[in-house]
Amino acid sequence: SYGLFYAELDNRKPLPEALEEAREHPMEGYTAWPRLLGLMVVVLIAIEVVTGSLLALYYLPTPESANDSLGTIVREIHFGWFVHQIHHWAAKLLIIVLILRLVRLFWRSVYRPPRELVWVFAALLLLVGLHLDLTGMALPMTSTAYWSTVRALETFSAIPFYGSLMTVLIG
């Protein structure tokens, strides 16, 4: 419910009935605050989309011009450095919030029925976020970015099945 409702929503009932039940049985205040992690994920993804779109207007994705275009964004475009820093720090904060959310869901035993799909989607969202962070680190196309990506792909390849799949998708 992304922190918008103060009670659990039963996903086995029709939405109007579940919303009515949630209004009748509000949660205590101390249990409502961790639910803001879901809302934070949505807000941070929106920030990433907006700032990433703005950065993409000036970014040239070729090995020869990627680093120069990043320098142009940071040094010459008005508030380009600001948009770049917001994008960078929102990405790092998004990974932290996704990990905290997954730990919270694990602590609450959400992996058990009937809410196991919430757990699966949270874990998949974390994996997608980690892979997007990895590809974002490679975008400057410098030697540091290249070798960091190579090391990460070597680490992924050590994981059975999943590693070979991700190495093919990313590499």
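Trainee: How much accessible surface does the protein have, and what share belongs to carbon and sulfur atoms?
Mentor: The accessible surface is about 11600 Å². Carbon and sulfur atoms account for 71% of that surface. Keep in mind that this is a predicted model.

Trainee: What elements make up the protein, helices or strands?
Mentor: The protein has eight helices and zero strands. From the N terminus the order reads α-α-α-α-α-α-α-α.

Trainee: What share of the residues in the protein is buried?
Mentor: Of the 171 residues, 31% are buried. The cut-off for that word is under 20% relative accessible area.

Trainee: Which residues make up the largest nonpolar core?
Mentor: There are twelve: L37, V41, L44, A90, L94, V97, L98, L102, L105, V110, A122 and L126. A core needs buried nonpolar residues joined through side-chain atoms within 4.5 Å.

Trainee: Which helices supply at least two residues of this core?
Mentor: Helices α3 (36-56), α5 and α6 each do. Helix α5 gives the most, with six residues. There is also a second, separate core of five residues, including L55, A66, I73 and V83.

Trainee: What is L37 in contact with, leaving aside neighbours within four places in sequence?
Mentor: L37 contacts V97, L100, R101 and R104.

Trainee: Why is the pair of W81 and F82 called edge-to-face?
Mentor: Check the distance, then the angle. The ring centres are 5.6 Å apart, and rings pair within 6.5 Å. The planes stand at 70 degrees, and over 60 counts as edge-to-face. So the W81 and F82 pair is edge-to-face. The structure holds six aromatic pairs.

Trainee: Why does W81 count as partly exposed?
Mentor: W81 has 47% relative accessibility. Partly exposed sits between the buried cut-off, under 20%, and the exposed one, over 50%. So W81 is partly exposed. F82, at 40%, is partly exposed as well.

Trainee: What makes the F106 and W119 pair tilted?
Mentor: The ring centres are 5.9 Å apart, with the planes at 45 degrees. Stacked needs under 30 degrees and edge-to-face over 60.

Trainee: Where in the chain do F106 and W119 lie?
Mentor: F106 is in helix α5 (residues 80-107) and W119 in helix α6 (residues 116-138), 13 residues apart. F106 is partly exposed at 48%. W119 is partly exposed at 22%. Ring pairs also link F106, Y111 and W119 into a cluster.

Trainee: How do you know that D133 and K92 form a salt bridge?
Mentor: Their closest N and O atoms are 3.2 Å apart. The limit is 4 Å. So D133 and K92 qualify. The structure holds two salt bridges.

Trainee: What does the pair of D133 and K92 tie together?
Mentor: D133 lies in helix α6 and K92 in helix α5, so the bridge ties parts that are 41 residues apart in sequence.

Trainee: Does D133 count as buried or exposed?
Mentor: Buried. D133 has 19% relative accessibility, and the cut-off is under 20%. K92, at 25%, is partly exposed.

Trainee: Which side chains meet in a salt bridge at 2.4 Å, N to O?
Mentor: Those of E154 and R151. Both residues lie in helix α7 (residues 143-157), three residues apart, about one turn of the helix. E154 is partly exposed at 41%.

Trainee: Why can one say that the buried residues of α1 line one face?
Mentor: In helix α1 (residues 15-24) the buried residues are A18, L19 and A22. Down the axis, they fall within an arc of 100 degrees, so they line one face. The face turned away from the buried side carries the exposed residues P16, R23 and E24.

Trainee: Where does L60 lie?
Mentor: L60 is in the loop between α3 and α4 (66-75). At 47% relative accessibility, L60 is partly exposed. L60 touches S65, A66 and S69, not counting residues up to four places away in sequence.

Trainee: How far apart are L60 and L139 in sequence and in space?
Mentor: They are 79 residues apart in sequence and 9.7 Å apart C-alpha to C-alpha.

Key: Residues numbered from 1 in each chain as written. Predicted model: local features only at pLDDT ≥ 70, side-chain atom pairs only at ≥ 80, totals over all residues. Heavy atoms only, no water. Buried < 20%, exposed > 50% of the residue type's maximum accessible area, 1.4 Å probe, protein only. Helix = DSSP H or I, 4+ residues; strand = E, 2+ residues; numbered from the N terminus. Contact = heavy atoms within 4.5 Å. Areas by Shrake-Rupley, 256 points an atom, 1.4 Å probe, with all protein chains shown as cover. Arc of directions from axis to C-beta.
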